[in-house]
Amino acid sequence: MTHSDNYAPESLSSVLGAIARTLQAEPDVETTLGAIVKAAVDHVDGAEYAGISLVEDGRIRAVAPTSEVVPMIDEIQHRTGQGPCLDAIARHDVFRTGNRLDERRWPAFAPDAAETGIRSMLSYRLFILHDTLGALNLYSTQVDAFSDRTEKDGKEFATHAAIALAGAQTEAQLHAAIESRDVIGMAKGILMQRHDLDPVQAFRLLVESSQASNLKLHDVAAWLVGHRREL
């Protein structure tokens, strides 16, 4: 979306504040990711497409693309092991390219990426304190689509996006922990009733089954709950 470079800082601030409140109201991680990329395309000057690269267990996973061209760019970066998104995550900085055909920083990535029709790209590290969540990537088919002003404004947007994403991830982890605890509690109840065990004995039996089957405790408990009528 294209805006004037002359809009007032207070206008940007109010827009970012409204976006932040909207993002933090989203119910889960996937919806938050979708809201982030949509807001980026709607409000960051020059952005035609957007996507997010999440860091999970030391690996990078591309999510929430707004166009089919975004996964194509991500695949090229992962295949060549280079590109602005990977550098934004690894080097903790913002990376911008204005014309892939003239790009020298990523010699293996740039030629293949240019064939997709994307010319400009802007990648921001998404982080909270020292924890890197991933990167927000913006794309354009235009040469030099992103200005210095856009880069600065987009950095503010990425800050709000990272806070919203971290909040959604924390909420999801909390729900998962509660769900896991409830499932384990149900499994213990089944064992206590079927085999006349006390809570400690039932839990010990679940742990022993987990170790013997090389499955997580939650997975053993979930299987037991799901198959309780067959036991």
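Trainee: What should I know about the model before reading it?

Mentor: It is predicted: local features need pLDDT of at least 70, side-chain atom pairs count only at pLDDT 80 or more, and totals for chains, interfaces and linings use all residues. Residues are numbered from 1 along each chain as its sequence is written, and side-chain values use heavy atoms, with hydrogens and water left out.

Trainee: How do I read a sheet, and what is the order of the strands in the open sheet here?

Mentor: Strands of a sheet pair through backbone hydrogen bonds, either parallel or antiparallel. Helices (H or I, at least four residues) and strands (E, at least two) are DSSP runs, numbered from the N terminus, and two strands pair if DSSP finds at least two bridges between them. In this model five strands form an open sheet in the order E2-E1-E5-E4-E3, with antiparallel pairing. E2 and E3 (95-97) are the edge strands, each pairing on one side only. On average, neighbouring strands are turned by 20° against each other, direction ignored.

Trainee: How many bridges join E1 to E5, and how many join E3 to E4?

Mentor: E1 and E5 pair over six bridges, in the antiparallel sense; Tyr49 stands opposite Tyr139 in E5. E3 and E4 also run antiparallel, with three bridges, and Thr97 stands opposite Met121 in E4.

Trainee: Which strands does H6 lie across?

Mentor: H6 lies across E1, E3, E4 and E5, running at about 40° to E4. Axes are lines fitted to C-alpha atoms, for helices over the stretch in contact, and angles run from 0 to 180 degrees between N-to-C directions. Contact means heavy atoms within 4.5 Å.

Trainee: How do I read two packed helices, and at what angle do H7 and H8 cross?

Mentor: Two packed helices are described by the angle between their axes and the distance between the axes. The axes of H7 (residues 199-213) and H8 (residues 217-226) come within 9 Å and cross at roughly 110°. H7 and H8 are therefore roughly perpendicular to each other. Angles under 35 degrees count as roughly parallel, over 145 as roughly antiparallel, 65 to 115 as roughly perpendicular and the rest as oblique.

Trainee: Which residues of H7 and H8 meet?

Mentor: Phe203, Leu206, Val207, Ser209, Ser210 and Ser213 in H7 meet Leu217, Val220, Ala221 and Leu224 in H8. By class, this contact has seven nonpolar, three polar and no charged residues. Ala, Val, Leu, Ile, Met, Phe, Trp, Tyr, Cys and Pro count as nonpolar, Asp, Glu, Lys and Arg as charged, and the others, Gly among them, as polar.

Trainee: How is a pocket found, and what is the volume of the largest pocket?

Mentor: Rolling a probe the size of a water molecule over the atoms shows where empty space is left. On a 1 Å grid over the protein atoms alone, a cavity is a set of points where a 1.4 Å probe fits but cannot get out, and a pocket is an open set with protein on both sides within 12 Å along at least five of seven lines; lining residues have an atom within 4 Å of a point. Grid points are joined across faces, edges and corners, and a volume is the space filled by probe spheres set on the points. The largest pocket has a volume of about 330 Å³. Its lining has 17 residues, with Val29, Leu54, Val55, Glu56 and Gln169 nearest the centre.

Trainee: Which helix gives the largest share of the lining of the second largest pocket?

Mentor: H6 does, with five residues.
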